Amino acid sequence: MSGQEISARKKGKKLKLPRAVGKGRQVDPKALAEVQALLGDESRQKDLLIEHLHKIQDEYHHISATHLVALAREMRLSKAEVYEVATFYHHFDVVKEGEAVPPPLTVRVCESLTCEMKGAHPLI
């Protein structure tokens with residue numbers, strides 16, 4: 001059991017019944033094993049989230065939804081928090097279910113005004 005509870009009532013009293021399955025996306029055992037192997041004995045502290053996301057990105061060239069859920073479980077963080085951090089930074093390629101994985105090599109060129117002045121446009 002996941003430790004989550006469902007509220008119920010019995011003759012005016014509120015009871016807490018254990019939830020058989022947790023809410024939302026469930027942890028894929030294969031993805032969890034892959035994340036655990038990547039992290040090894042390293043700390044699961046919250047401030048290492050970006051570092052651990054980099055490890056997944058470097059190993060698989062993208063971060064799948066199953067790896068996000070597994071990392072959240074392993075680090076004892078909410079799935080939403082891990083997803084928000086992974087999607088905030090543009091250098092993480094987050095792949096949702098059903099989407100094609102990106103090619104093994106991705107070249108990114110800055111398109112800001114400063115980069116444009118330094119010659120980014122000819123690179124594109």
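Mentor: Happy to! Let's start with exposure: buried means under 20% relative accessible area, exposed means over 50%, and partly exposed lies in between. Keep in mind that this is a predicted model. Here Tyr 89 has 30% relative accessibility, so Tyr 89 counts as partly exposed.

Trainee: Is Phe 88 buried or exposed? And what about Phe 92, buried or exposed?

Mentor: Phe 88 has a relative accessible area of 58%, so Phe 88 is exposed. Phe 92, at 5% relative accessibility, counts as buried.

Trainee: How many aromatic pairs are there?

Mentor: Rings pair if their centres lie within 6.5 Å, and planes over 60 degrees apart count as edge-to-face. By that rule there are 2 aromatic pairs. Phe 88 and Tyr 89 have ring centres 5.0 Å apart and planes at 90 degrees, so this pair is edge-to-face. For Tyr 89 and Phe 92, the centres are 6.3 Å apart and the planes again at 90 degrees, so that pair is edge-to-face too. Through these ring pairs, Phe 88, Tyr 89 and Phe 92 are linked into a cluster.

Trainee: Now the helices. At what angle do helix 1 and helix 2 pack?

Mentor: Helix 1 (residues 29-39) packs against helix 2 (residues 49-60) at about 110 degrees, with the axes 10 Å apart. Angles of 65 to 115 degrees count as roughly perpendicular, so helix 1 is roughly perpendicular to helix 2.

Trainee: Which residues make the contact?

Mentor: Helix 1 contributes Glu 34, Val 35, Leu 38 and Leu 39, while helix 2 brings His 52, Lys 55, Ile 56, Glu 59 and Tyr 60. Sorted by class, the contact has 5 nonpolar, 1 polar and 3 charged residues.

Technical notes
Residues numbered from 1 in each chain as written. Predicted model: local features only at pLDDT ≥ 70, side-chain atom pairs only at ≥ 80, totals over all residues. Heavy atoms only, no water. Axes fitted to C-alpha atoms, helices over the stretch in contact; angles between N-to-C directions. Helix = DSSP H or I, 4+ residues; strand = E, 2+ residues; numbered from the N terminus. Parallel < 35°, antiparallel > 145°, perpendicular 65-115°, else oblique. Contact = heavy atoms within 4.5 Å. Nonpolar A, V, L, I, M, F, W, Y, C, P; charged D, E, K, R; others polar. Phe/Tyr/Trp six-rings, centres within 6.5 Å; stacked < 30°, edge-to-face > 60°. Buried < 20%, exposed > 50% of the residue type's maximum accessible area, 1.4 Å probe, protein only.
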